[in-house]
Amino acid sequence: MSAPDFVAPLAARDDAPAFDEPWQAQLLGLAYALTQAGVFTPAAWSDTFGAELRAAAARGATDNQSTYYEAALAALEHLTAGRVSDAELGTRVAAWRRAYQSTPHGQPVTLDAVNGDPETSP
Amino acid sequence: MAKHRSDDIAKIHRALHSHLPSEPALRVKALESLLVEKGMVDPRTVDAWVEIYTEKIGPKRGAQVVAKAWADPAFKTALLDDGTAAITALGYEGWATGHLEVVENTAAVHNLVVCTLCSCYPHSILGIPPAWYKLAAYRARAVREPRAVLAEFGVNLADDIEVRVWDSTSELRYMVLPQRPAGTAGWDENQLAAIVTRNAMIGTDRDLRTG
């Protein structure tokens with residue numbers, strides 16, 4: 001009982017939302033769609049996700065929902081690594097970032113908005 | 001100097017208004033767009049899942065299952081015998097691709113569900129697990145000190161009530177069938193479903209309130 005973080009009250013979080021940000025739901029939806037498409041099995045998902053959660057705990061990451069969904073994202077990136085390379089993902093993340101930065105507020109953000117990006121031009 | 005500062009302010013202003021998502025949000029978006037282009041995933045499946053699990057399911061389906069089990073002894077027998085088949089017959093199969101096992105609380109037994117590995121959960125009937133279900137603290141403590149966890153949720157069990165902890169996996173997920181409270185004779189399924197809490201179906205609630 002000497003580790004107060006570990007015995008943090010659980011019931012106090014009973015009314016906390018299941019998702020803090022929309023990407024967290026999108027991530028689980030994507031994982032579901034990939035299991036449906038047979039890209040990986042539900043067992044591979046829970047094993048990989050579990051390993052990421054253990055790794056996060058071993059690193060001393062705070063035991064909260066943000067750590068949980070970051071572990072889920074790491075698991076998803078790990079399981080799709082054979083289909084999407086790190087370089088490809090990095091390029092696409094940068095393209096989306098530029099698209100958000102160059103789209104005026106209120107307008108839909110699309111990759112088409114990034115002019116001259118060979119990775120994203122239609 | 002003043003000019004420089006106002007340029008900075010304008011830049012910050014533009015940055016704020018661009019609503020740049022967080023790094024993980026960008027990574028999810030990037031991953032999804034690449035997987036869609038590669039034909040590995042149908043974006044409609046992702047969107048449908050998000051819509052259903054953020055807006056529609058919640059634990060209401062689970063509560064309907066419990067209410068039906070209370071009201072219909074044949075359904076209860078079928079549910080305890082083969083949970084997957086019973087919920088499939090109600091049209092409630094889905095994300096919980098593994099098997100569903102329903103465990104029944106009695107006067108002598110209290111059941112508690114956890115996933116010690118990650119957060120396996122019968123999504124198709126209970127929706128998304130609560131925040132605490134996903135914490136390392138719950139995953140560890142539910143097994144190590146279930147009575148203390150239950151007490152924290154206001155469930156103080158007498159010593160002679162046995163606690164059974166069930167560890168969900170991707171292949172086998174559990175749901176607790178709570179005890180039907182006294183004073184509900186003659187209630188219809190919708191009335192019964194209304195008193196079933198999400199936590200009662202996970203096991204962190206026991207004595208359901210009728211009013």
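Which residues does A:Glu77 touch, not counting residues up to four places away in sequence? In this predicted model, the answer is A:Leu89, B:Arg27 and B:Leu31.

**Around A:Glu77**

A:Glu77 sits in helix H3 of chain A. Towards chain B, A:Glu77 forms a salt bridge with B:Arg27. Side chains of opposite charge can pair when their charged atoms come close. A second salt bridge joins B:Arg198 to A:Asp14. That pair also crosses between chains: B:Arg198 belongs to helix H11 (residues 198-202) of chain B, while A:Asp14 is in the segment before H1 of chain A. Here are the two bridges side by side.

| Residue in chain A | Residue in chain B | N to O distance |
|---|---|---|
| A:Glu77 | B:Arg27 | 2.6 Å |
| A:Asp14 | B:Arg198 | 2.8 Å |

How many salt bridges does the rule find across the interface of chain A and chain B? There are five, and the count over all chains comes to 13.

**The interface as a whole**

Zooming out, the contact takes 56 residues from chain A and 56 residues from chain B. About 5,400 Å² is buried between the two chains, with carbon and sulfur atoms giving 70% of that area. Polar contacts are there too: 21 residue pairs are counted between chain A and chain B, with both residues at pLDDT 80 or more. On the chain A side, helices H1 (22-36), H2 (42-59), H3 (65-79) and H4 (86-102) each supply at least two residues. H1(A) provides the largest share, 12 residues. By type, the residues of this side divide into 35 nonpolar, 10 polar and 11 charged.

**H1 against H3 in chain A**

Two of these helices also meet each other. Two packed helices are described by the angle between their axes and the distance between the axes. For H1(A) and H3(A), the axes come within 10 Å and cross at roughly 35°, and the crossing is left-handed. H1(A) contributes A:Trp23, A:Gln24, A:Leu27, A:Leu28, A:Leu30, A:Ala31 and A:Leu34 to this contact, and they meet A:Tyr69, A:Glu70, A:Ala72, A:Leu73 and A:Leu76 of H3(A). What kinds of residues make up this contact of H1(A) with H3(A)? They divide into 10 nonpolar, one polar and one charged.

Notes: Residues are numbered from 1 along each chain as its sequence is written. Chains are lettered from A and ligands numbered from 1 in the order in which they are written. Side-chain values use heavy atoms; hydrogens and water are left out. Contact means heavy atoms within 4.5 Å. Buried area is the accessible area (1.4 Å probe) that two parts lose on being put together, summed over both. A salt bridge is a side-chain nitrogen of Lys or Arg within 4 Å of a carboxyl oxygen of Asp or Glu. A polar contact is a pair of N or O atoms within 3.5 Å; within protein, one must be able to donate a hydrogen and the other to accept it, and residues adjacent in sequence count only if both atoms are side-chain atoms. Helices (H or I, at least four residues) and strands (E, at least two) are DSSP runs, numbered from the N terminus. Ala, Val, Leu, Ile, Met, Phe, Trp, Tyr, Cys and Pro count as nonpolar, Asp, Glu, Lys and Arg as charged, and the others, Gly among them, as polar. Axes are lines fitted to C-alpha atoms, for helices over the stretch in contact, and angles run from 0 to 180 degrees between N-to-C directions. A crossing is left-handed if the near helix is turned anticlockwise from the far one by less than a right angle, and right-handed if clockwise.
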